[in-house]
2 protein chains.
Amino acid sequence: MIKPRSRRGGGRPTIADVARKAGVGAITVSRALREPERVSEDLRRQIQAAVDELGYLPDPNARALASARAEVFGVLVPSLTNSVFAEVLRGIYDSLSDSSFRIQLGNTHYSGLEEERLLQVFGPQRPAALIVAGIDQTPTSRRLLETAGCPVVQVMETGPDPVDMMVGFSHFDGGRAATEHMIEMGYHRVGFIGARMDPRSQRRLAGYRAAMEAAGLFDARLVTTTPVPSSVTLGRELFRDALAKAPTLDGVFCNNDDIALGVLFECHRASIAVPKTIGITGFNDLDMMEVAFPSVTSVRTPRYEIGRRSVAMALAAIAGKRPQEPVVDLGFELKRRESTAR
Amino acid sequence: MIKPRSRRGGGRPTIADVARKAGVGAITVSRALREPERVSEDLRRQIQAAVDELGYLPDPNARALASARAEVFGVLVPSLTNSVFAEVLRGIYDSLSDSSFRIQLGNTHYSGLEEERLLQVFGPQRPAALIVAGIDQTPTSRRLLETAGCPVVQVMETGPDPVDMMVGFSHFDGGRAATEHMIEMGYHRVGFIGARMDPRSQRRLAGYRAAMEAAGLFDARLVTTTPVPSSVTLGRELFRDALAKAPTLDGVFCNNDDIALGVLFECHRASIAVPKTIGITGFNDLDMMEVAFPSVTSVRTPRYEIGRRSVAMALAAIAGKRPQEPVVDLGFELKRRESTAR
DNA sequence: GAGGTGGATGGTAGCGCTACCATGACGCAG
DNA sequence: CTGCGTCATGGTAGCGCTACCATCCACCTC
């Protein structure tokens, strides 16, 4: 006889089917799956056998509705193609892959408004945690995060006044360290070249400025920025602009490695000697910077580790074990290479 | 008097609250939101007012449970940091951002087993559509896709026998076109350098081989591959290996642009003239290939467009308007540049 | 031996929404 | 004027799960 299946269910086994087969109550099956230690070993085995035989998989939607909590991490990044965020995402992903949490992705396109919209969309779903890039949320976004009712980790940067938790490093210090290094290596007309100029880039610029001013070398004409999205192509163009504006330029600290690579290629093309005539420093230290010719000095940032750490903190908070220190600074490392070895 | 709120609900307004405020039945609210044309304009306005006033947002979990369909696109890619897939993902994301569909991400790490596991996890959720990279699913994965009960789009490649729909291009043809170009430009000892060697890379290699054989130039010693994940660093190392193995090498067709860049940098470092002594062709045509010095010939692949198209096809299928032709070949374009201009 | 305690198990009542099936009003053909 | 489709609206009954509370059964304490 055919079991009368309801109109909607696709015929998948439900928790009631498992319970029937195992000869226990549905709630015991639910517990055996979620808190095995609260069920006697005997029943646990019986239930597991029934689960295996039926190929039962719990319906995450029903679970989310009943428990008012979805097993979902909402992740908001400003860009999917910027390899910096791709690596953060990879770190998040890898740390979550052997849990039952799913990842729901949001791309803010560097827009505060878009971030607000996405938080509005993510909220009603009651995610288990939210991981958002950056610390410069709009007041609305901040309120949405505060009232989300789940752990929130702001990543990529550290700063005062976290919504909940933070993992990152100081972009200001990174920019300053890179610039100080160049000054130390004998570059005195060091330019800053930056694209996109999101808040993190702004802080790298501030670090650059602080270092230059401390050395009495700051000159506004050395700074070349644009709100246009960053690319290697753009790096080349900005470098040309920078040279036109400040012909005595003897080095550049670039916003990021894409820009630095563009500068490097343009130097090759224009037969400008690196590091002799122009020194180059990048930011992030992508894989290729070490291989480039000449190899390019860059500020190594712990992107993958930021992803992993953010998940670890969120999971701890979910488990009720909030970390003592809600703000974690993972630092950075200046990689000195040929492009600044004058 | 305080309305008695249940233990679980976080106090968010529900559809019943909206219905009460608008003086209609809950089901009418539901309809007004999902199929506005089926509700009279009068009520529609009233309901909208109530929604706005209460700040009502439907609970996606309840919706998914009741309708046995989640507004989620499951997306499976083999890597998050490979910029090729990042761009596909961006295309998918951009095409979905003004719909109410959410994106749930899966990273298969180029593993068929992992892909199976992820499909198992995605299935019970009843996603609205699945987009998976590649056409070489395991039999188990294939069955999971066929029984998913939603549109499925295989992306990045075209081939016979789609599970449902496909968007991509021929990697074999791409590899062949690149190789033929090099032969035409006078390179006769053209090597193949490949890392990772996933199925798509294998087909590029097959295309290379076909072109070399057709010209009577194939020599197994010209082929250098490794299962190790691709990187610029690895490109340099593989190129060294290739040169050691075949000192008369006069050109290389690289598996992808990262490898090509590694080769280019190594040529600079070892003072090997490009394109005179060694010609270089890459694959994918990342932004930087045009800017590199010398600029690098590459096969431009429509990655972003693949993402967009896959979503368009899936949305059409959801709306019941399946495309006539389930397999879409978006082609590729060989970009001839300085690195092969002998 | 009465009463207490704690651990294992189960029943019931939702979670917030939508599928399904009325219901009632209206227009129109006969 | 009757009968019947058509359209807008609503009521009811779940979707598959879990929170909450009750129950039951050792096992103990005094």
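Buried means under 20% relative accessible area, exposed means over 50%, and partly exposed lies in between (1.4 Å probe, protein chains only). By that scale A:R45 is exposed, at 52% relative accessibility.

This is a predicted model, in which local features need pLDDT of at least 70 and side-chain atom pairs count only at pLDDT 80 or more, while totals for chains, interfaces and linings use all residues. Residues are numbered from 1 along each chain as its sequence is written, chains are lettered from A and ligands numbered from 1 in the order in which they are written, and side-chain values use heavy atoms, without hydrogens and water.

Stay with A:R45. Its side chain meets that of A:D42 in a salt bridge, 3.5 Å from N to O. A salt bridge here is a side-chain nitrogen of Lys or Arg within 4 Å of a carboxyl oxygen of Asp or Glu. Both residues lie in helix α3 (residues 41-54) of chain A, three residues apart, about one turn of the helix. Helices (H or I, at least four residues) and strands (E, at least two) are DSSP runs, numbered from the N terminus.

B:R20 bridges to B:D17, with the closest N and O atoms 3.3 Å apart. Helix α1 (residues 15-22) of chain B holds both, three residues apart. B:R20 is exposed at 53%, whereas B:D17 is buried at 7%.

Next comes a pair that links distant parts of chain A. A:R203 and A:E157 form a salt bridge at 2.5 Å. A:R203 sits in helix α9 (residues 199-214) and A:E157 in strand β4 (residues 152-157), 46 residues apart. A:R203 is partly exposed at 25%; A:E157 is buried at 1%. Over all chains the rule counts 52 salt bridges.

Now turn to the interface. Contact means heavy atoms within 4.5 Å. By that test 54 residues of chain A touch 54 residues of chain B. The area buried between the chains is about 5,100 Å², and carbon and sulfur atoms give 58% of it. A:Y93, A:F265 and A:V291 supply 13% of the area that chain A buries against chain B, more than any other three residues. Buried area is the accessible area (1.4 Å probe) that two parts lose on being put together, summed over both.

Two salt bridges cross this interface. The side chains of B:E338 and A:R269 meet in a salt bridge at 3.2 Å, N to O. Among the elements giving two or more residues to the chain A side are α5 (83-96), α11 (257-269) and α12 (288-291).
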